[in-house]
Amino acid sequence: MAPLDNVAPLVKVEGLTKSFGDNQILNGIDLEVAAGEVVSIIGPSGSGKTTILRCLNLLERPDGGRIEIDGQMLCEDGANGRINFAGKSEIRKIREEVGMVFQRFNLFPHMTALENVVEAPMAVKGADKAVAKARALELLDSVGLSHRADHYPLQMSGGQQQRVAIARALAMDPAVMLFDEVTSAVDPELAGEILLVMKQLAEQGMTMIVVTHEMGFAADVSDRVLFIDHGLVIEQGKASQVLGSPQQDRTKAFLKAVLERTPMAEENADSPPVETEESWGTGAGVDESEQIASLESEVARLRQELDAATTTDEPTTDEPTESGE
Ligand SMILES: Nc1ncnc2c1ncn2[C@@H]1O[C@H](COP(=O)(O)OP(=O)(O)O)[C@@H](O)[C@H]1O
Ligand SMILES: [Mg+2]
């Protein structure tokens with residue numbers, strides 16, 4: 001999964017800027033993600049994380065900079081301070097390469113899990129119905145939900161809905177998957193089942209950009225972590241480095257604030273792993289309780305390390321505010 005030096009990055013972002021009205025939200029973001037790499041983006045609420053992801057598939061229109069996905073230019077600075085975009089059909093093609101899972105489940109409520117997953121391949125790619133259905137069932141199985149294929153979103157837990165949302169994004173065979181705090185709107189005890197699916201996806205070599213507050217996941221699964229604040233990359237590096245021994249004061253203060261309110265570390269570190277009613281699909285040799293427990297203990301370990309690293313020399317004046325969204 002390590003990035004190869006001689007391979008062009010799958011996602012390349014240079015100098016990305018974006019304002020909403022008078023508010024400059026992205027101040028020149030640079031980001032490169034190699035094929036097969038898993039990059040976590042962490043940072044305070046309002047720092048621009050969602051906006052970065054939304055710019056990557058033009059759900060937001062960047063003001064400046066350059067975005068390239070799988071060698072195809074999506075937008076770039078042109079003459080006279082204007083930004084140029086790829087043509088409509090190129091944009092449509094590039095978007096198919098970019099799967100996205102949102103904070104709030106956005107399944108179609110009037111469709112079953114299966115119908116949600118077959119929708120896009122049939123509507124957008126004109127896939128054959130029988131083929132799309134077989135593939136959708138495979139994907140639902142891979143997220144542990146083959147037995148929920150005929151359920152409607154309202155009949156499923158938040159964790160199950162997010163796993164359907166992941167299967168739905170995968171149905172388009174994207175080159176890269178974007179995850180925007182996909183566990184933050186579900187009950188904490190259901191986060192593990194979503195994270196496990198993401199971890200399996202990472203292990204299968206999927207290229208992933210993951211905006212997350214789950215530091216245990218970031219530590220365990222990411223090849224690289226970016227800390228952003230006020231629309232700028234403040235610090236980046238290996239997960240162990242950025243999370244374990246951050247260099248910048250803002251990173252330290254942010255991590256301290258996040259880990260202090262991590263419920264998993266406080267409540268569950270010594271408890272048995274959460275039981276779910278799921279019988280997982282084919283995931284050969286995967287023991288989900290074990291993996292969830294290891295994510296939890298990783299959170300606890302990081303918390304201790306950070307406490308040790310930050311209690312000595314940190315002024316609290318610069319502490320980021322973490323208001324709920
Ligand atoms: N469509 C929008 N219109 C106006 N302001 C927006 C819009 N989207 C986001 N913002 C603002 O941009 C800032 C960054 O938002 P966002 O990218 O969602 O941050 P994060 O995901 O890091 O919490 C916030 O102050 C937010 O209020
Ligand atoms: Mg966000």
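Modeller: Let's start with the sulfurs: that of C55 has its closest cysteine sulfur in C75, 7.7 Å away, which is too far for a bond. Seen from C75, the closest cysteine sulfur is that of C55, again at 7.7 Å and too far. A disulfide here means two cysteine sulfur atoms within 2.5 Å, and by that rule the count is 0. C55 is buried, at 0% relative accessibility, and C75 is buried at 0% as well; buried means under 20% relative accessible area, exposed over 50% and partly exposed in between, with a 1.4 Å probe and protein chains only.

A word on the source: this is a predicted model, where local features need pLDDT of at least 70 and side-chain atom pairs count only at pLDDT 80 or more, while totals for chains, interfaces and linings use all residues. Residues are numbered from 1 along each chain as its sequence is written, chains are lettered from A and ligands numbered from 1 in the order in which they are written, and side-chain values use heavy atoms, leaving out hydrogens and water.

Now the rings. Searching the whole structure turns up 1 aromatic pair (ring centres of Phe, Tyr or the six-membered ring of Trp within 6.5 Å; planes under 30 degrees apart are stacked, over 60 edge-to-face, the rest tilted). F227 and F254 make up that tilted pair, 5.2 Å centre to centre with 40° between the planes. Because F227 sits in strand 10 (residues 224-229) and F254 in helix 9 (residues 249-260), the pair ties together parts 27 residues apart in sequence; helices (H or I, at least four residues) and strands (E, at least two) are DSSP runs numbered from the N terminus. F227 is buried at 0% relative accessibility, and F254 is buried at 0% too.
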